[in-house]
Amino acid sequence: MSLKNDSFPSSVAFDAINSSLQSNDAERKSTVKAAQAIFAFVLKNAQGETDSWYFDLKDKGEVGKGEAPEGGKADVTLSLSDDDFSKLVAGKTQAQRLFMSGKLKVKGNVMKATKMEPILKKAQMGIKAKL
């Protein structure tokens, strides 16, 4: 099932990240062990619409639609524009820079949010080809 939403061009990244996680069982388990968190992403597009996706890096090591897997709760929620998310996953900007400029809002466990950037870096190679 595709996680892409045509109203959010950067949403193709969620499929790429999920593919990256699913492609190597040992790597997925290592990522889950390192992160131990559920990350929710709330994106806002140019039309002002919002949609959400999550990284379950606490239990299953997967990416899905919504703010958390069924029965779960996000440890940290990151809110940003679709355009800024596209730049973030493409490696054209850093989460810290977006946060400091007010373009990235973080709710929940901020320290867990710092564990997200290495995960994005691992998936960037596949993502750059799709964005």
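Which residue in the turn of the hairpin that S1 and S2 form has a positive phi? In this predicted model, where local features need pLDDT of at least 70, side-chain atom pairs count only at pLDDT 80 or more, and totals for chains, interfaces and linings use all residues, the residue is Gly 48, with a phi of about 90°. Residues are numbered from 1 along each chain as its sequence is written, and side-chain values use heavy atoms, with hydrogens and water left out.

The protein chain contains 6 helices and 5 strands. Helices (H or I, at least four residues) and strands (E, at least two) are DSSP runs, numbered from the N terminus. Read from that end, the order of elements is α-α-β-β-β-β-α-α-β-α-α. The radius of gyration is 13 Å, close to the 14 Å that the globule rule gives for 131 residues, so the protein chain is as compact as a globular protein of that length. This radius is taken over C-alpha atoms, and the rule is 2.2 Å times the number of residues to the power 0.38. The C-alpha trace spans about 40 × 30 × 25 Å along its principal axes.

Of the 131 residues, 44% count as buried. Buried means under 20% relative accessible area, exposed over 50%, and partly exposed in between (1.4 Å probe, protein chains only). Among contacts with a separation of 6 or more, 64% are between residues 24 or more positions apart; a contact means heavy atoms within 4.5 Å. The accessible surface comes to about 7,100 Å², and carbon and sulfur atoms hold 50% of that area. Accessible areas come from the Shrake-Rupley method with a 1.4 Å probe, and for residues only the protein chains shown count as cover.

Strand S1 covers residues 37-44. Of its 8 residues, 7 are buried, so S1 is largely enclosed by the rest of the structure. Two strands pair if DSSP finds at least two bridges between them. S1 has antiparallel pairing with strand S2 (residues 50-57), through 8 bridges. In that pairing Ala 40 stands opposite Tyr 54, and the hairpin has 5 residues between the two strands.

S1 also runs parallel to strand S4 (residues 76-81), to which 6 bridges join it. Leu 43 has Leu 80 of S4 as its bridge partner, and Lys 44 has Ser 81. In a regular strand the side chains alternate between the two faces of the sheet. S4 in turn pairs with strand S5 (residues 105-108) in the antiparallel sense over 4 bridges.

Gly 66 lies in the loop between strand S3 (62-65) and S4. With a relative accessible area of 23%, Gly 66 is partly exposed. Leaving aside residues up to four places away in sequence, Gly 66 touches Ser 52, Trp 53 and Tyr 54. The C-alpha atoms of Gly 66 and Gln 96 are separated by 24 Å, the two residues being 30 apart along the chain.

Asp 15 belongs to helix H1 (residues 12-23). Its relative accessibility is 19%, so Asp 15 counts as buried. Beyond residues up to four places away in sequence, Asp 15 touches Met 1, Ser 2, Leu 3 and Lys 4.
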